[in-house]
Amino acid sequence: MSEQKEILRTEHLTIKFGGLVANNDVNIHLNEGEILGLIGTNGAGKTTLFNMLAGALKPTSGKIYYRGQDITGKPADKICKMGIGRTYQVVQPFTSLTVEENVMVGCLNRHRNIERARKRADEILEELGLGKHIHTKGANLGLPQLKRMEIARALATEPDIILLDEVMAGLNPTECEEAMELVLNLRKKGYTIIMIEHIMKAVMNVSDRIYVLNQGVVIAEGTPQEVSTNQEVIDSYLGGAKKKC
Ligand SMILES: Nc1ncnc2c1ncn2[C@@H]1O[C@H](COP(=O)(O)OP(=O)(O)O)[C@@H](O)[C@H]1O
Ligand SMILES: [Mg+2]
């Protein structure tokens with residue numbers, strides 16, 4: 001990448017749950033237009049980091065800067081309005097609402113007018129290949145569609161940065177390839193992305209740069225090539241990571 005403009009940064013970000021230090025002095029940065037991979041074993045603290053970036057959890061100490069502005073501890077709705085959107089690892093659709101209505105809820109963040117929210121929801125769903133499911137109830141969607149709807153809901157809030165938390169988990173290889181293409185397309189459209197993912201083929205092929213978390217600590221940072229040949233990463237994570245696309 002030629003010119004790199006930083007959009008998000010954490011400094012000494014730390015969060016404790018009682019005696020557990022779930023993120024310990026985490027210093028990461030994200031450049032505009034980048035796809036950043038975040039990997040690490042279960043319990044490493046990846047989702048917790050997303051929760052702090054999105055304002056769902058307040059750090060115990062440390063700072064988060066978005067476009068140079070200190071956003072540490074700001075509430076989730078403010079951070080969402082500022083331009084950081086997210087998906088949830090555990091997908092929680094409104095099961096009795098249609099796919100269109102689920103996405104409209106996100107759109108209402110920006111559009112007070114219900115018909116404009118509906119129009120925007122339909123556009124997003126069309127773009128994500130869910131056009132034919134708009135009237136399906138959330139409860140009746142299969143996993144790949146649910147994961148896509150989760151991304152649609154994040155896009156509905158009109159973010160600049162999207163935090164994707166294991167959106168490929170549980171997908172079969174074909175669906176996973178499609179999801180990789182989708183992530184690359186999102187970047188082409190101008191979104192900046194942080195992606196938590198266990199599926200190594202996806203992380204390695206799609207990410208520009210990767211951070212590796214282990215027990216709340218960043219143990220490595222670099223290109224997919226650099227990270228995948230880092231001995232500490234191999235020992236703590238890659239040696240045990242079996243998930244392939
Ligand atoms: N709200 C919370 N309260 C207490 N402990 C939590 C909370 N959220 C996460 N944890 C703990 O923090 C650690 C990191 O969890 P998490 O961020 O979900 O890991 P990952 O997403 O990398 O699998 C785990 O030990 C988890 O049990
Ligand atoms: Mg997680």
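Analyst: Here are some questions about the terms, each answered from the model.

Analyst: First, this is a predicted model, where local features need pLDDT of at least 70, side-chain atom pairs count only at pLDDT 80 or more, and totals for chains, interfaces and linings use all residues. Residues are numbered from 1 along each chain as its sequence is written, while chains are lettered from A and ligands numbered from 1 in the order in which they are written.

User: What makes up the protein chain in terms of helices and strands?

Analyst: You'll find nine helices and 11 strands. Those are DSSP runs numbered from the N terminus: helices are H or I with at least four residues, strands are E with at least two.

User: How do you know that the radius of gyration agrees with a compact globule?

Analyst: The rule for a globule is 2.2 Å times the number of residues to the power 0.38, and the radius is taken over C-alpha atoms. For 245 residues that gives a value near 18 Å, and the protein chain has 18 Å, so the two agree.

User: What makes a set of residues a nonpolar core?

Analyst: It takes buried Ala, Val, Leu, Ile, Met, Phe, Trp, Tyr and Cys residues joined through C-beta atoms within 7 Å. The largest such core here has 67 residues, and A152 and V103 are among those with the most contacts inside it. Helix 5 (residues 143-156) gives the largest share of this core, six residues.

User: Which residues is A152 in contact with, leaving aside neighbours within four places in sequence?

Analyst: Contact means C-beta atoms, placed from the backbone, within 7 Å. For A152, the partners are V103, I124, L125, L128 and L130.

User: How do you know that strand 10 and strand 11 pair?

Analyst: Pairing needs at least two bridges found by DSSP. Five bridges join strand 10 (residues 209-214) to strand 11 (residues 217-222), and they run antiparallel. So the pair meets the rule. One example is Y211, whose bridge partner in strand 11 is E221.

Terms used
A residue is buried if 20 or more other C-beta atoms lie within 10 Å of its own, exposed if 12 or fewer, and partly exposed in between; C-beta atoms are placed from the backbone. Two residues are in contact if their C-beta atoms, placed from the backbone, lie within 7 Å.
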